[in-house]
Amino acid sequence: MTIANTPESGAPASDAVLESTTGDPAVSTEPAATLVGTGGEWWRSAVIYQIYPRSFSDSDGDGIGDLPGITRRLPALGELGIDAIWLSPFMTSPQHDAGYDVADYCDVDPLFGTLGDFDDLLAAAHGLGIKVIVDLVPNHTSWDHRWFREALAAAPGSPERARYLFRDGTGPNGDLPPNNWQSVFGGPAWERTTNPDGTPGQWYLHLFDRSQPDLDWENPWVRAQFEDILRFWLDRGVDGFRVDVAHGMVKAHGLPDYTPPADAGSMGGGVVGLEPEIDANAALDPPSPPYWAQEGVHEIFRAWHSVLSEYEGDRVLCAEAWVEPLTKLALWVRPDEMQQAFNFTYLSAGWDAAELRLVIDRSIAAFATVGAPSTWVLSNHDVVRHASRLALTAENPQGHGIGPDSPGLPDPVVGLRRARAASSLMLALPGSAYVYQGEELGLPEVIDLPDEARQDPTWFRTDHERYGRDGCRVPIPWEPGEPTYGFGPDGSTASWLPQPRDWDGYARASQEGDPESTLSLYKLALALRSSHALGTRELAWLPGYGDDVLAFTNGDVTVIANLGAAPVELPVGDLLLSSEPLTEAALPTDTTVWIRTTL
Ligand code: NOJ
């Protein structure tokens, strides 16, 4: 077998030809997974790029990214070839959880700019053909929100307190919390208030930091407020919402005690890993923790669906719901609820061909039962970046993060190679894919942040036992050269989390035009995904490959990912993309190729 004109990784490869007779991709004896219910809506196949505003681009040199900074850099995203951006929160907030603690849902925090800056960003994005999704945080507010301040000032039993989950304590003097729930960030999920006369008062629930009191979504007043907030942003022209903690808004009646399994991921009550066989009858099995995945949340999203339907265009709701199994997650995207849900089962899968194949099959099948596309995601602002995570050699539950003393730290070379292969696999799948800022640069997790720089509440609430999520939130590099690699304007000297000193090679400008760079690989993958309509076609597994190999067709593209040690022979066809430069006609370890099938 020989390869003619093997392209460099990431380089267009229309003239490259593989000559082989093995693994004829035209023939599949495997059942094809079917993507049903495909309407023409843009979000069914979109590639959506997550911007974490504080770490994307800083226009004013205060060390924190902002909206004008994003607007300035939008052309680079247009060149990357994404369809939409999702902006993590930029609303008014005291920033105890990096903006996921909102004090005013209808204004922009001065750190990030003004509503006028947001309108400019939206217009610029739309001018480039890029849709804009904003983050909505409905499970909890900031303790600085007027609603909560009024609740604290009001008496127990008042309508103001009924906005939140205030309860009397237990024990002799109400000194003990109302139940045993633990916060996602560590420590108890209840905080005691102090009465105006200085005596200890009621407790309030906070599934996250104590600065993030949970709203009571059984209260119609709360529901009405959020429908107004949806309309506020829809009227401004946003294309949709990513909905934070969309599995946690409704709690079980009576708030019963619950102890999660020891290996539960922090954002979900369930154990992260493979879910039971897909079985419609098992959709509500296993039972949910009393604060996650309660049936009552669905009524809320049906109401929101109606609100979005009042607006022109295909507006979208995407659920951040750490729910397993996938059959249960699919309930969030029934036709009259949300449009998308993040596929965290896929993100949580190991670098293991059998596991990935199972998750891919189950994802497509589960979402197809409700007419929704599957989504795919490998990184976001809450997980260890996949260029590091895929090479970890020790268990690392979501949210714990990694730092200098973590066991099983990754080999960065192996991590990047696997990340490039994993991204090339993900971007070939039918459905919608999410890309987290910096993954297109191959950025690793920053492991050695100084302790004094860390800001994630997880780090503080666990007494430094868990590093938390700062390592994936370090501002991204644009141009080579310290001190901020172009993140801030000329003359700015610091970013809110310090960037490593060896990031010149990761900078976007360093990678532009280099056919072997990770940036070039993403650009090529996104261009080919679009020109071959991979987002809307169907996946069919190819027979004849070993257990360590994922091989399938999607439309006229054959995708082969080798996760094993032994090289894999390649079939006949035009090589479109390779996650690593190929030196011979066999696919080496941790490499993915896309081949146009020769029939
Ligand atoms: C999920 C968000 O992604 C995370 O960053 C945040 O800390 C929690 N929800 C609480 O809002």
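Predicted model: local features only at pLDDT ≥ 70, side-chain atom pairs only at ≥ 80, totals over all residues.
Residues are numbered from 1 along each chain as its sequence is written, and side-chain values use heavy atoms, with hydrogens and water left out.

The ring of Trp-459 has a partner in Tyr-467: the centres are 5.6 Å apart and the planes at 15°, so the pair is stacked. Tyr-467 is buried as well, with a relative accessible area of 9%. Rings of Phe, Tyr and Trp (its six-membered ring) pair if their centres lie within 6.5 Å; planes under 30 degrees apart count as stacked, over 60 as edge-to-face and the rest as tilted. By this rule there are 31 aromatic pairs.

Another pair brings us to the helices, which are DSSP runs of H or I with at least four residues, just as strands are runs of E with at least two, numbered from the N terminus. Trp-147 and Trp-221 have ring centres 5.3 Å apart and planes at 75°, so they meet edge-to-face. Trp-147 lies in helix α3 and Trp-221 in helix α4, so the pair ties together parts that are 74 residues apart in sequence. Trp-147 is buried, at 5% relative accessible area, whereas Trp-221 is partly exposed at 29%. Both belong to a cluster linked by ring pairs, along with Tyr-105, Trp-217, Phe-226, Phe-301 and Trp-304.

Now look along α3 itself. In this helix (residues 146–153), Trp-147, Phe-148 and Ala-151 are buried. They cover an arc of only 95° around the axis, taken from the directions from the helix axis to the C-beta atoms, which puts them on the same side of α3. An α-helix has 3.6 residues a turn, so residues three or four places apart point the same way. On the other side of α3, Arg-146 and Ala-153 are exposed. The cover over the buried residues of α3 includes β6 (104–108), β8 (166–167), β10 and α4, where contact means heavy atoms within 4.5 Å.

Next come the strands. β11 and β12 run parallel and are joined by four bridges; two strands pair if DSSP finds at least two bridges between them. Phe-241 has Leu-317 in β12 as its bridge partner. β12 also pairs in the parallel sense with strand β13 (residues 340–341), over two bridges, and Cys-318 is partnered there by Gln-340. From β12, Val-316 and Cys-318 point one way, Leu-317 and Ala-319 the other, and all are buried. In a regular strand the side chains alternate between the two faces of the sheet.

Charged partners also connect these regions. A salt bridge is a side-chain nitrogen of Lys or Arg within 4 Å of a carboxyl oxygen of Asp or Glu, and the count is 28. In one of them, Glu-320 meets Arg-242, with the closest N and O atoms 3.5 Å apart. Glu-320 sits in the loop between β12 (316–319) and α6 (326–329), and Arg-242 in strand β11, 78 residues apart. Both Glu-320 and Arg-242 are buried.

Methods. Buried < 20%, exposed > 50% of the residue type's maximum accessible area, 1.4 Å probe, protein only.
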